[in-house]
Amino acid sequence: MDDIFQLNKGKLGFGLMRLPKDGSGKIDAKETASMVDKFIESGFTYFDTAYVYPGSEEIFKETIGTRHRRDSYTIASKLSGWALTDDFTPEKMFEEQLRRTGLDYFDFYLLHSIEKDHLPNYEKYDTWDFCQRLKKEGKIRHFGFSFHDTPELLDKLLTEHPETEFVQLQINYLDWTSPRVQSARIYEVARKHNKPIIIMEPVKGGLLSDLESTITEPFGDKTPASMALRFAAGLDGVLAVLSGMSTPEQVNENIRIFSNLEKLSSEEEKEIEEVRERIKNLQVIECTSCRYCTPGCPEKIVIPNVFRYLNEAAVRSDKEKAKKDYAAMIAEGKSGRASSCIRCGKCEKVCPQKLPIRTLLSTAEEKLCYTCFSKSN
Ligand code: SF4
Ligand code: SF4
């Protein structure tokens, strides 16, 4: 296991799923190249992508694979089991990933987003054995899986699959005590099995880095992002903390935090508890903006954006802004209205956070409709 820890330099990992976009909506290759250059020049090495992140493996090739020495970075990618079919086997998906990235091996390779509903496909296509074959052939160096389910299921899987070398878990200070996500209990299971941990969603899709100052007042002049990232990075057994960076400013702030990483003091742990309680009282929607739900919605509702505006309306003093932004998104044809949901349930089947999306959308229009709000005020 020590080998894995030596492979990664610095605990910060660069998630390649929320990269900057240009005016046409494509990933901005020039901006991305400058962000990844800064990351590597600052001594960090870990990049994270997946088969299903649109354009992500290709932009890895363009901005990292063809521009940086192979020994100056490590790359993790994921086999997305729910996309496998009899015609599109694990072998075909993996070959496509090598082609897209231009690589001949991955340093870290994961079964992606293991949860109860995805497990049958992972088993049907013998993906656990497939990954062990890849390892023997030198096409992957380390094998693990990312996980979104209960501590009991994680315990079962790690018992049945001792070949698993590491796990990727959703951990942040808000989910730590969440009865639904159960981050603390899931973390303890991984520790019991002595598995190195990659942390995903340390700022919960941006929610914990973008809070109103009245909520984060216990943090004083420390930024909300720095407190959330230090909470995650300070846990024992953590190999990397992933941050889906979208701007050069985020890269710079993360480098600053992780270059002089300090464990939280007991005073700061109390500050985190206080902020957690304040957020819980506002009943924010625990969407991580993963966007797995958007391609399948027949009404083209951009669900994470609707939830973001609902959360902004909850955590900001300026409620008007979220309503105006929602109205603009609809007027510009960028999303269907929340009220156009036909309750087909496709989105809930793929949501790793198990959110009751249909129920949440049923009241969204009322909360965000600018015209309705203006009339009632
Ligand atoms: S339930 Fe509603 S939001 Fe979800 S996929 Fe169907 S129409 Fe879209
Ligand atoms: S609603 Fe669920 S699937 Fe959709 S973006 Fe949010 S967390 Fe992801």
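Predicted model: local features only at pLDDT ≥ 70, side-chain atom pairs only at ≥ 80, totals over all residues.
## Domains

The protein chain is assigned two stretches: domain 1 spans 2-280 and domain 2 spans 303-376. Taken over C-alpha atoms, the centres of domain 1 and domain 2 are 27 Å apart. Domain 1 gives 12 residues to the contact, and domain 2 gives 10 residues.

## Helix 7 and helix 8

Two packed helices are described by the angle between their axes and the distance between the axes. For helix 7 (residues 151-160) and helix 8 (residues 183-192), the axes come within 9 Å and cross at roughly 15 degrees. Angles under 35 degrees count as roughly parallel, so helix 7 is roughly parallel to helix 8. The crossing of helix 7 with helix 8 is right-handed.

On the helix 7 side, the contact is made by Pro151, Glu152, Leu154, Asp155 and Leu158. Their partners in helix 8 are Arg185, Ile186, Val189, Ala190 and Lys192. By residue class, this contact of helix 7 with helix 8 holds six nonpolar and four charged residues, with no polar ones.

## Surroundings of ligand 2

The shell around ligand 2 consists of 13 residues. The closest of these are Cys287, Cys290, Arg291, Cys293 and Cys351.

Which classes of residue make up the shell around ligand 2? Nine are nonpolar, three are polar and one is charged. Cys counts as nonpolar and Arg as charged in this division, so Arg291, listed with the closest residues, is the one charged member of the shell.

Note on methods. Residues numbered from 1 in each chain as written. Chains lettered and ligands numbered in written order. Heavy atoms only, no water. Near = heavy atom within 4 Å. Axes fitted to C-alpha atoms, helices over the stretch in contact; angles between N-to-C directions. Helix = DSSP H or I, 4+ residues; strand = E, 2+ residues; numbered from the N terminus. Parallel < 35°, antiparallel > 145°, perpendicular 65-115°, else oblique. Left-handed = near helix turned anticlockwise from the far one by under 90°. Contact = heavy atoms within 4.5 Å. Domains from an automatic or database assignment.
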